[in-house]
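Open the model in a viewer and keep the sequence panel at hand.

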Amino acid sequence: MKYAFDQYVLDASRLQLTREDVPVATEPQVFALLRHLIENRDRVVSKDEIFSVIWKGRIVSDAALSSRVKAVRAAIGDDGARQALVRTVHGHGFQFVGTVEETHDKTGSAAVLSQPSIAIIATTMVHPTDAERAFGEGLEDDISAAIGRVGTIYVARYSGQNDAKQAAEELGVRYVLGLKLRFAGNAFRLNASLLHAGRQAEVWADRFEGQLDNPFEAQDLVVAAILGRLVPNIMMVEVQRALAEADLTDAYHELLRATPLCMRMDADDNRQAVVHLRRALVSDAEHALSHAMLAWCLGQQAMSDWAPDGPAALAEAMEHGKSALDLAPRDALVLTFVATAEVAAGQHTAARHHLESALALDPSLAWAWAMLGAVETFAGNMNEAVANYERALRLSPHDPMRFSYYFGIGAARYGLGEYEDALSLLEQGYIEAPGSTWAPRLILACAAELNLTDRMHAMAEKVRSVRPDATAEKLVAASVVKDQAYRDRMLSSFRKAGF
């Protein structure tokens, strides 16, 4: 169900509030309170009812309620003086008084409970100076804003004195991010840890260091590094949860089940990912991220020679990509997945535009940087490609798609004629993703240039197992690389390898 009022839309199925199509960051309890008031706008909602629904009957202070009501009003451009949308009925409770237009969608109630949420606990600092405190608070602000832009994770701030478990219960979140900041002269060290509140288990922890010469630059670097590591770790835990909750077949759970399959660069896994994503779209035909990931999977099938009809797979990929962009034009993951499909289809200009748009929304999105590296490679800009892939690795060094970063750097090094470095990186990626069909082609090319006969023959068998009729000309024609110098280099290498 979607509720449109004033300039806002509250999407109950996706747990998202937007203002003129731009997401508005809201804490989970604030969103839940706004939704409850809207759904019951025909009457006054009592304080006791709010305590029961939002805090599940736990004893909390009136001040906590007042804080949430204030946050609701702030999120929708209202305040306690005007009360244009949320009216206080003294002695009774609160009522939503705005004009609302309802739109039904197909999303089941299970999806509403699925999306991950995280609380950022106030940064621990020991006797900070005013400047150090400002630096720590600025980090919190920037991390919160950056997570809020991710779109698939809902973020809350917590400034109370309770421990992580109590903070999670009070705010209704699944994860808690703790930050400890220490200073020594002009240097700082930040320890970050992510806790799964329900399990009381640490999901991820890391340490970041820097100098305060330029505090804004230092904050940007730390925030990007934290987001690049935090989001993949949360999503992998969410994947495991979806696999354990086999009875739930809503779009979000099916998307999560598809995610690791799509990432493995394996034909059978890719086909199973497509099955899950089609199920997701049966559950919710307007699930933008499922459309986008399906576009990626279908593009991967065509690019890797896994599809029985490559052009048909690409055509369907572009249809799903268009649907995804129509539904969520400002979602960084959607933009990135669609761009990946566009790369497979040879639509590099569109891919660049969508990747740059994604990075404007989320500069810490490692996969977007990697795909921008691919676009640079295909355009012949090898040094820029290497820089983008290396940035992706720095942002997410343990990313499940790390093998593709090695492939990417290796492909660019090959384009620069640095065959030994290229071969080493391509081999490293191939160990992690042995199902890749195009990595053996570049390993073959490097081996031919380095006169590594045994390795060249082994890779030639791999290439012919996928394309029995392969010739140098056909292998180059199948490549999505448009740079003529790169294509000429590949043609020469494949001929040296006997194709």
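The tour starts with model confidence, goes on to a salt bridge, and then visits helix pairs.

**Confidence**

Colour the chain by pLDDT. This is a predicted model, with a mean pLDDT of 87 for the protein. Of its residues, 95% reach 70 or more. Now select residues 106–113, where the pLDDT is below 50. Beyond near neighbours in sequence, this stretch has 14 contacts in the model. Where pLDDT is low, the predicted coordinates should not be read in detail.

**A salt bridge**

Select glutamate 102 and arginine 41 and show their side chains. The two side chains meet in a salt bridge, with an N to O distance of 2.8 Å. Which parts of the chain does this pair tie together? Glutamate 102 belongs to strand 8 (residues 101–103), while arginine 41 sits in the loop between helix 1 (28–39) and strand 5 (45–46), so the pair links parts that are 61 residues apart in sequence. The structure holds 26 salt bridges.

**Helix 8 and helix 10**

Next select residues 251–263, helix 8, together with residues 288–303, helix 10. Their axes come within 10 Å and cross at roughly 25°. Helix 8 and helix 10 are therefore roughly parallel to each other, and their crossing is left-handed. To see the contact, show Ala251, Leu255, Ala258, Thr259, Cys262 and Met263 in helix 8, which meet Leu289, Ser290, Met293, Trp296, Cys297 and Gln300 in helix 10. By class, the contact of helix 8 with helix 10 has nine nonpolar and three polar residues, and no charged ones.

**Helix 13 and helix 14**

Move to helix 13 (residues 348–361) and helix 14 (residues 366–379). How do these two helices run relative to each other, roughly parallel or roughly antiparallel? Their axes cross at roughly 150° and come within 10 Å; helix 13 and helix 14 are therefore roughly antiparallel. The crossing of helix 13 with helix 14 is left-handed.

**Helix 16 and helix 18**

Finish with residues 402–415, helix 16, and residues 439–449, helix 18. The axes of helix 16 and helix 18 come within 11 Å and cross at roughly 35°, and helix 16 passes helix 18 in a left-handed crossing. Show Phe407, Ala411 and Tyr414 of helix 16 with Ala439, Leu442, Ala445 and Cys446 of helix 18, which make the contact. This contact has seven nonpolar residues, with no polar and no charged ones.

Definitions and conventions
Residues are numbered from 1 along each chain as its sequence is written. This is a predicted model: local features need pLDDT of at least 70, side-chain atom pairs count only at pLDDT 80 or more; totals for chains, interfaces and linings use all residues. Side-chain values use heavy atoms; hydrogens and water are left out. pLDDT is the predictor's confidence in each residue, from 0 to 100. Contact means heavy atoms within 4.5 Å. Axes are lines fitted to C-alpha atoms, for helices over the stretch in contact, and angles run from 0 to 180 degrees between N-to-C directions. Helices (H or I, at least four residues) and strands (E, at least two) are DSSP runs, numbered from the N terminus. Angles under 35 degrees count as roughly parallel, over 145 as roughly antiparallel, 65 to 115 as roughly perpendicular and the rest as oblique. A crossing is left-handed if the near helix is turned anticlockwise from the far one by less than a right angle, and right-handed if clockwise. A salt bridge is a side-chain nitrogen of Lys or Arg within 4 Å of a carboxyl oxygen of Asp or Glu. Ala, Val, Leu, Ile, Met, Phe, Trp, Tyr, Cys and Pro count as nonpolar, Asp, Glu, Lys and Arg as charged, and the others, Gly among them, as polar.
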